[in-house]
Amino acid sequence: ARLALAEGALLLRGHAVASQDRLLAAIEQVALAAPFRNMVTPGGRAMSVAMTNCGCAGWVTDRRGYRYDPLDPETGRPWPEMPGCFADLATDAARDAGYPGFRPDACLINRYAPGARMGLHQDRDERDLAQPIVSVSLGLPAMFQFGGRRRNDPVAKYPLLHGDVLVWGGPSRLNHHGILTLRDGVHPKTGALRLNLTFRHAL
Ligand code: MD3
Ligand code: FE
């Protein structure tokens, strides 16, 4: 099933279920080389969401700010290569949503334990904002907040479920969004976790 959340924003319910086992195994492999960590915001607070990356560049934050870095600051090594099943899924979903030829060079992996949240924000650290973003939800359900271009625009809420894929482009690319505090629960594939893959063309 597909649902248009806004102009340019498409929710593909369950689109990643078919590749769940490959995706979860690939996340484990990435995390062996680049462990999940709670990064610090420029304001000095540790994020409740644990993160790692794969691909040519990774999204990082520290006291100096937000940026894309070709090296993992924790290990000094390049981020792990983007697994083939990641790139295929992102390219596929983007094509379905009307963005043919999307080739992500960065994948941020967000790991939520119960109690973790991501406040309302915009994604604007990428060089070319005409490129869409593809996001994949796995594991525990989360409540997604989706606002407008301005911080004070009204916010809608949608549950994001295991296997859901979202594609954001065009007019919705700069919309505010966030994830409400994850509730307790257990998922057969991930245990007490939600995992989110966010694919971007960053460089
Ligand atoms: C709407 N992650 O990593 S994915 C992020 O589920 C992020 O972990 C959330 O926001 C998560 O930056 C939400 C959904 C999402 C991703 C990118 C967007 C929604 C978006 C970009 C523009 C508008
Ligand atoms: Fe975001």
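Author: Start with burial: a residue is buried if 20 or more other C-beta atoms lie within 10 Å of its own, exposed if 12 or fewer, and partly exposed in between, with C-beta atoms placed from the backbone. This is a predicted model, in which local features need pLDDT of at least 70, side-chain atom pairs count only at pLDDT 80 or more, and totals for chains, interfaces and linings use all residues. Residues are numbered from 1 along each chain as its sequence is written, and chains are lettered from A and ligands numbered from 1 in the order in which they are written.

Reader: What makes His121 buried or exposed?

Author: There are 12 other C-beta atoms within 10 Å of His121, so it is exposed. His121 is placed in strand S7, residues 118-121.

Reader: Which residues does His177 contact?

Author: Contact requires that the C-beta atoms of two residues, placed from the backbone, lie within 7 Å. Leaving aside neighbours within four places in sequence, His177 contacts Leu120, Phe144, Gln145, Phe146 and Gly147. With residues up to four places away not counted, His121 touches His176 and Gly178.

Reader: Where does UniProt place the feature "binding site"?

Author: The unreviewed UniProt entry gives it at His121, Asp123 and His177. They are spread over 57 residues of sequence, yet they cluster in space, with a largest C-alpha distance of 8.7 Å. Such annotations may be inferred rather than shown by experiment.

Reader: Which residues are closest to ligand 1?

Author: Of the 15 residues that surround ligand 1, the closest are Asn110, Ser135, Trp168, His177 and Asn196. A residue is near a molecule if its C-beta atom, placed from the backbone, lies within 6 Å of it. Strands S6 (106-112) and S13 (194-200) are among those that each supply at least two residues of this shell.

Reader: Why is S6 said to be largely enclosed?

Author: Seven of the seven residues of S6 are buried, so the rest of the structure largely encloses it. Ala106, Leu108, Asn110 and Tyr112 point one way, and Cys107, Ile109 and Arg111 the other.

Reader: How do you know that S6 and S13 pair?

Author: Pairing needs at least two DSSP bridges between two strands. Seven bridges join S6 to S13, and the two run antiparallel. Asn110 has Asn196 in S13 as its bridge partner.

Conventions: Helix = DSSP H or I, 4+ residues; strand = E, 2+ residues; numbered from the N terminus.
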